Amino acid sequence: MVQKYQSPVRIYKYPFELVMAAYEKRFPTCPQIPVFLGSEVLRESRSADGAVHVVERSCRLRVEAPRLLRKIAGVEHVVFVQRNVLNWRERTLLIEAHNETFANRVVVNENCSYTVHPENEEWTCFEQSASLDIRSFFGFESALEKIAMKQYTANVKRGKEVIEHYLNELISQGTSHIPRWTPAPVREEDARSQAGPRDPGSLEVDGPIGAPGPAPEVVVTDGDKLDADYIERCLGHLTPMQESCLIQLRHWLQETHKGKIPKDEHILRFLRARDFHLDKAREMLRLSLSWRKQHQVDFLLQTWRPPALLEEFYAGGWHYQDIDGRPLYILRLGHMDTKGLMKAVGEEALLKHVLSVNEEGQKRCEGNTKQFGRPISSWTCLVDLEGLNMRHLWRPGVKALLRMIEVVEDNYPETLGRLLIVRAPRVFPVLWTLISPFINENTRQKFLIYSGSNYQGPGGLVDYLDKEVIPDFLGGECVCNVPEGGLVPKSLYLTEEEQEHTDQLRQWRETYQSASVLRGAPHEVAVEILEGESVITWDFDILRGDVVFSLYHSKQVPKPGPQEPGARAGGQLTDKGWVLGVDYSRVEAPLVCREGESIQGSHVTRWPGTYLLQWQMHSPPGNVACSIPGVEDVLTALHSPGPKCKLLYYYEVLASEDFRGSMSSLESCTSGFSQLSVTTSSSSGQSHSSPLVSR
């Protein structure tokens, strides 16, 4: 594979003639570049008027590689041939170099140019490109490639420093100006002698050189180029190879993309997301640009106006900036009725609103870059989880959240600088286990999570936010205008016809299973748990009647009931002869669920075995069943007329390994979350469920 390097335009704020005088000081040796052992001139020629000077040199470079590799290669230095074409009339220096050592195994080509700045003729631009093609090298191709690229990029940076060193040396010696070249008058007899026969081997030239060999691949500096000062000022410090990747990806866009070219900050985010792997970043950016065009995202801030309901109940908004100048977005997720919002505006409207937040975030980063005079390419998000409970684990809501995470990760990479999560409750580890596998590892490393009041004091929010901007609801002095959220009234929900139109109902029905509960005939679901500390989660809606929900544990595998032979998730599964406290045990207190309610809950298991989720019809006080009904009760209920309860339910098991892994990842966040994780782990066997009216 051919490795390529392309530098940005580096600008010396000195005239071309002075820069050339500094450049010549590098030869024949240069103590400031230790790997450069020396050089000798092979050929040299000048044009008749002295405007063009051609020099061909042989340069020796020390090999900085492991001793074993040098021993196998049998060399301590390598030889490069450099050909310089200096044109005083045009004020350009074009440099072409290639390797002679191992030329049949390794091909190195380099092209450089010094030119006058297009907007200031007293400044000089420098540009550099190179390619490396390792065809074979004694089985050490990969190692050699890494060593060569590392050494080359180190020398790129050193080369600029050397020119600046010699410029300063010239100025300190009193040479701060060198007159520009002007043609000397040519006498008549000189002109006749120059017109005579020439030596065919001579390299003398009469004008701009058309010398042997391919012309150097140099692109003239123009407005589409990136200069190094701009990169440092507006994009931040980049290594030479990172600069090269940015320039190559930008050039690819200019050649292939028909629409609006993304801003450099945006292109750089994709490179960072793929660790500056050019091909991977190019593919990620290509897919994102196609997505933006398909959904008209470039016009979102001009066309999207959130419904009044979202503005009132979506508990999120922008709030000044963090201590590093990043725009600060506050989300009071615990106060937000995600289920109600989805039922009132639909998933697509919520997604569009999230996208508009990300678009606005990029715009604010640009504004803060100008305001603070330093590169700011990401924002900080402060998430308050006070009020978070099992209601937020409503499965369609979790699925919508995962979809939003996927869209944002794919199209807004590296836009999140830091995520501060405060007042995380005990239920948070369950939500984290569900969503963390879908969050990029680079993004997860930016999470800081605090439980309880750990966000207060040293090590808390004051390390990341100025005291003057900490919101009042977190103990600060700043009034925060972010909406407080709250429950969305049912009267604002979309009608079933509107939900059918958005395909929402079909998606929700595919998530849930339906069940009927008769008097004396409960509905039961058996869940096999192979190891302790797994998490059983449930989510159900009571459509008709009142039911009692319970959770049991048994070491025995229940036999199917008479109505549904072989069923593992439905009907009565338990045996009449089972005795509570002997054959099975209750691990969750009975929970009375009323018609119209929506219940979400979870249970961290203590032991392996079979767990039974049971829904049975609610009896008046004093008649609540305290054990599992027998087969005769079921048969009687099925043959007797009476009321029937209906429900939709969903359950999921989070494997012990996944749950423990998510706890470990939480504890790895620099935060006070370890206290919360201990609390959660020690609460195994206790429910995290909370009965809430269906929203």
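This is a predicted model: local features need pLDDT of at least 70, side-chain atom pairs count only at pLDDT 80 or more; totals for chains, interfaces and linings use all residues.
1. V547 first. V547 is found in strand β17, residues 547-554. Its relative accessible area is 0%, so V547 counts as buried.

2. C645 and V547 are 98 residues apart in sequence. Their C-alpha atoms are 7.2 Å apart in space.

3. Now the nonpolar cores. The largest has 63 residues. Y314, L341 and F428 touch the most other members. Take L341: leaving aside neighbours within four places in sequence, L341 is in contact with L309, L310, F313, Y314, M336, G346, L350 and V488. Another core, of 24 residues, lies apart from the largest one. Its residues include V19, F126, Y166 and L170.

4. Salt bridges: the structure holds 32. One of them joins the side chains of D49 and R89, at 2.3 Å from N to O. This pair links distant parts of the chain, 40 residues apart. D49 sits in the loop between β3 (36-46) and β4 (52-62). R89 sits in the loop between β5 (77-87) and β6 (92-99). D49 is partly exposed, with a relative accessible area of 25%. R89 is also partly exposed, with 37%.

5. K263 and E366 form a salt bridge, with the closest N and O atoms 2.7 Å apart. K263 lies in the loop between α6 (240-256) and α7 (264-273), and E366 lies in helix α12 (residues 347-372), so the bridge ties together parts 103 residues apart in sequence. At 43% relative accessibility, K263 is partly exposed. E366 is partly exposed too, with a relative accessible area of 27%.

6. Helix α12 also holds E359. The side chains of E359 and R292 meet in a salt bridge, 2.9 Å from N to O. R292 is in helix α8 (residues 278-294), and the pair links distant parts of the chain, 67 residues apart. Is this pair buried or exposed? E359 has 9% relative accessibility, so E359 counts as buried. R292 is buried as well, with a relative accessible area of 8%. The cut-off for buried is under 20%.

7. A last point on shared partners.

Note on methods: Residues are numbered from 1 along each chain as its sequence is written. Side-chain values use heavy atoms; hydrogens and water are left out. Helices (H or I, at least four residues) and strands (E, at least two) are DSSP runs, numbered from the N terminus. Buried means under 20% relative accessible area, exposed over 50%, partly exposed in between (1.4 Å probe, protein chains only). A nonpolar core is a set of buried Ala, Val, Leu, Ile, Met, Phe, Trp, Tyr and Cys residues joined through side-chain atoms within 4.5 Å. Contact means heavy atoms within 4.5 Å. A salt bridge is a side-chain nitrogen of Lys or Arg within 4 Å of a carboxyl oxygen of Asp or Glu.
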